[in-house]
Each structure stands twice: as structure tokens, then as C-alpha cells.
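I opened my notebook today to look through one model, helix by helix. Here is what I looked up, in the order I looked.

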Amino acid sequence: MILLLAAAALAVFVLWGAGARRLKRHAYWRSASGVSAIGAIAVAALLAVRGELIPGAALGALGVWLAIMARWPRPLRAPPAAGATSREEAMAILGVGPDATAADIQEAYTRLIRRVHPDQGGASGLAAQVNAARDRLSRP
């Protein structure tokens with residue numbers, strides 16, 4: 001019975017408690033979920049062998065849910081849409097003025113993309129912002 005109460009307290013902490021947001025943001029969430037799933041399923045099997053079928057089934061269901069959550073893919077962030085950048089933001093990103101020509105925009109783009117491209121050690125998010133800024137300023 002004590003094991004069941006401990007498992008219920010852990011489930012409440014993980015699912016609804018203040019620790020849920022911290023755990024889900026933490027890099028080891030998947031590992032913790034997998035280890036917890038193994039533990040919950042093992043305790044569920046122990047309870048079932050002892051004849052406590054209902055608590056064992058509940059803990060087994062929690063273990064299966066934790067195992068699924070350990071394997072669940074993280075949602076991918078969508079790249080910023082080209083239309084989401086305003087003209088002023090695009091000019092600020094590229095460092096060009098309002099009277100910049102197409103050649104000035106291309107020169108600024110080339111200079112920045114060489115620095116922020118992921119193949120050069122930059123971040124893909126920055127490269128996406130530079131690409132979106134160029135696309136925004138290339139349109140009339």
C-alpha cells in the first residue's frame with residue numbers, strides 16, 4: 001500500500017505539480033520518464049503477484065503511459081514565415097537603410113549569412129531570420 005501511495009504522489013508531482021513544468025523543460029525528461037516507467041511496471045507486477053490487481057493495474061497503466069511519453073517525439077518548431085517579418089525588422093536585421101538598393105540588400109545578406117550559417121558554426125534560427133529578412137526586402 002505504501003508503494004501505491006508513493007507512486008500516486010510521484011504521478012501527481014509529475015502530472016500536475018509545480019515540478020511538471022520544470023521536468024518537461026529539463027533535458028533529462030525522457031530518461032526520467034523511461035526509468036520511472038520501468039519502476040512503475042515492476043512495482044505493478046509485484047502488486048499483481050501479491051494479489052492486489054486493481055492497484056497493480058493502475059500502476060501498470062501509469063508505467064505504460066510514462067513509457068509512451070519517453071518515446072514521444074518533441075514537436076518541431078516551424079521556421080519563421082517570410083511574411084511574419086516587417087519591413088522595418090528586415091532592414092534592422094540586415095543593417096540596411098530604407099533607401100537600400102537590391103545590390104546593397106544582397107551584399108548585406110551575403111555578409112551576414114556567411115557568419116550565421118549553421119555550416120559555419122552559426123545557428124539555424126539566425127540563418128532563418130536572415131533569409132526571411134532578405135526575402136521580405138526582395139519583395140516590392
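**Entry 1: helix 6**

I began with the face of helix 6 turned away from its buried side, and there I found the exposed residues Ala103, Glu107 and Arg114. Helices (H or I, at least four residues) and strands (E, at least two) are DSSP runs, numbered from the N terminus.

This is a predicted model, so I noted that local features need pLDDT of at least 70 and side-chain atom pairs count only at pLDDT 80 or more, while totals for chains, interfaces and linings use all residues. Residues are numbered from 1 along each chain as its sequence is written, and side-chain values use heavy atoms, with hydrogens and water left out.

Which residues of helix 6 are buried? I listed Ile105, Ala108, Tyr109, Leu112, Ile113 and Val116. They cover an arc of only 125 degrees around the axis, so they sit on the same side of helix 6. The arc is taken from the directions from the helix axis to the C-beta atoms.

Next I looked for what covers these buried residues, and helix 5 and helix 7 are included. I also checked the length: at 1.5 Å a residue, the 15 residues of helix 6 should span 21 Å, and its end C-alpha atoms are 21 Å apart, which agrees. The expected span is 1.5 Å times one less than the number of residues.

**Entry 2: the cores**

A nonpolar core is a set of buried Ala, Val, Leu, Ile, Met, Phe, Trp, Tyr and Cys residues joined through side-chain atoms within 4.5 Å. The largest one here has 14 residues, and Leu94, Val96, Tyr109, Ile113, Val116, Val130 and Leu137 have the most contacts inside it. Helix 5 (87–94), helix 6 (102–116) and helix 7 (124–138) each give two or more residues to this core. Helix 6 gives the most, with six residues.

I then picked out Leu137 and asked what it touches. Not counting residues up to four places away in sequence, Leu137 touches Arg87, Ala90, Met91, Leu94, Val96 and Ile105. Contact means heavy atoms within 4.5 Å.

**Entry 3: helix 4**

In helix 4, I found Gly56, Leu59, Gly60, Leu62, Gly63, Leu66 and Ala70 buried. Their arc is only 160 degrees around the axis, which puts them on the same side of helix 4. On the other side, Leu53 and Ile54 are exposed.

**Entry 4: salt bridges**

How many salt bridges does a search of the whole structure find? It finds two. A salt bridge is a side-chain nitrogen of Lys or Arg within 4 Å of a carboxyl oxygen of Asp or Glu.

Glu52 and Arg50 meet in one, at 3.8 Å from N to O. Glu52 counts as partly exposed because its relative accessibility is 24%, while Arg50, at 54%, counts as exposed. Arg134 pairs with Asp135, the closest N and O atoms being 3.2 Å apart. I noted Arg134 as partly exposed at 22% and Asp135 as partly exposed at 32%.

**Entry 5: the whole chain**

Last, I stepped back and noted seven helices and zero strands in the protein chain. Of its 140 residues, 25% count as buried.

Technical notes:
Buried < 20%, exposed > 50% of the residue type's maximum accessible area, 1.4 Å probe, protein only.
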